[in-house]
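Have the model open and follow along.

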Amino acid sequence: MTAKQVMFTEQVSLPAIGQGTWYMGEDSARRRDEVAALRAGLDLGLRLIDTAEMYADGAAEEVVGEALSGRRDSAFLVSKVYPWNAAGKKAIAACEASLRRLKTDYLDLYLLHWTGDFSFAETVDAMETLIAQGKIRRWGVSNLDYDDMQALWQVAGGRHCATNQVLYHLASRGIEYDLLPWCQQQQMPVMAYSPLAQAGRLRGDLLSNPVVNDIARAHNASAAQILLAWVIRLSGVIAIPKAANVAHVEQNAAALEITLSADELTQLDKAYPAPKGKTALDMV
C-alpha cells in the first residue's frame, strides 16, 4: 500500500490513518468483531492504535490487548491518562494499570487526556519519569488549545511533547486558525479524533451532504472515505477513526489512496467554511 505517511518522530513514520477505540469494550457481544477489526487494521498497515483508560472504564484497553496478542511489535500503541491521575504516584499507577489491561510492558505514546487537576510541570515530570522507567517511549497531550500549548512550551521539558490529539473534521475546523499551523511549525503531528464527527445529527448531516456525496461518487468511494481523505489532506495530520468490523476498517484504509483535487477541496470549503477568527476548541 502506497499510503500517505506522517513522520511521527525521526525514527517513526506512520500511515495518516490509524485506529481509534472509543466505545469499544462496552458490549461483550461485539468483542470478537472489535478484536478482528483491530487485527485487520494491522494487516492493512494501520499501525497506530489509540485507546484510553477512560474508554469503557478500561475495557477498550483489554480489547486492544487481545488484538495485539502475539503481534505487539507491529503496532504503535497509544493510551491516555485521566487528568486526575496525571502526576506523581497516581500517574505511575494509572500507566501500570493500562499496561496490564493492554498486556504489554510499554506504550509507544502516553497522552494527557485533557487539562485538569495538576499543573503542566507536574504532568511533564510524571511523563519523563515513566520514560525513564521504560514504561512509555514518548508522551503527548490531548484536547489542548493554542494557549494551552504555549503554556506547556514554557515548562521545563514541555517541548518533549510528541503530539496533540484534538477533535477535527470537516464541520469542526477551528484548529485551522492557530493551533494546527503552530503544530505544523513545530513539526508536531496532530491526531484527529472523531474525524467523521461524533454520532448524532451532525455526523448524519456530513455523511448525507450532497457535495460530499457527489465527490464520493466521482472517486467511487463512500462519503466517509471522502471525509477521511479531507482530514489527512494536510501535512502532519493523522486521523484515528473507530472501525468496529473488518469491512469498515478496510474502507478506512482505502481512504489513504484518495487524493482530493483543488476544485473538490474548494467545493468542500464552500460547504463547510474554515473559521475567520478564533473559536473555542471543540471537545467531545
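Start where two helices touch: E61, E62, V64 and G65 in α2 meet S98, R101 and L102 in α3, with contact meaning heavy atoms within 4.5 Å. Sorted by type, the residues of this contact are two nonpolar, two polar and three charged; here Ala, Val, Leu, Ile, Met, Phe, Trp, Tyr, Cys and Pro count as nonpolar, Asp, Glu, Lys and Arg as charged, and the others, Gly among them, as polar.

Before going on, keep in mind that this is a predicted model, where local features need pLDDT of at least 70 and side-chain atom pairs count only at pLDDT 80 or more, while totals for chains, interfaces and linings use all residues. Residues are numbered from 1 along each chain as its sequence is written, and side-chain values use heavy atoms, with hydrogens and water left out.

How do the two helices sit? Helix α2 (residues 59–67) packs against α3 at an angle of about 45°, and their axes are 7 Å apart. Axes are lines fitted to C-alpha atoms, for helices over the stretch in contact, and angles run from 0 to 180 degrees between N-to-C directions. That makes α2 and α3 oblique to each other, since angles under 35 degrees count as roughly parallel, over 145 as roughly antiparallel, 65 to 115 as roughly perpendicular and the rest as oblique.

Now look at L102, which lies in helix α3 (residues 88–102). At 1% relative accessibility, L102 counts as buried (under 20% relative accessible area; exposed is over 50%, partly exposed in between; 1.4 Å probe, protein chains only). Beyond neighbours within four places in sequence, L102 touches T51, E61, V64, G65, L77, S79 and L107.

Zooming out, the protein has eleven helices and ten strands, which are DSSP runs numbered from the N terminus (helices H or I, at least four residues; strands E, at least two).
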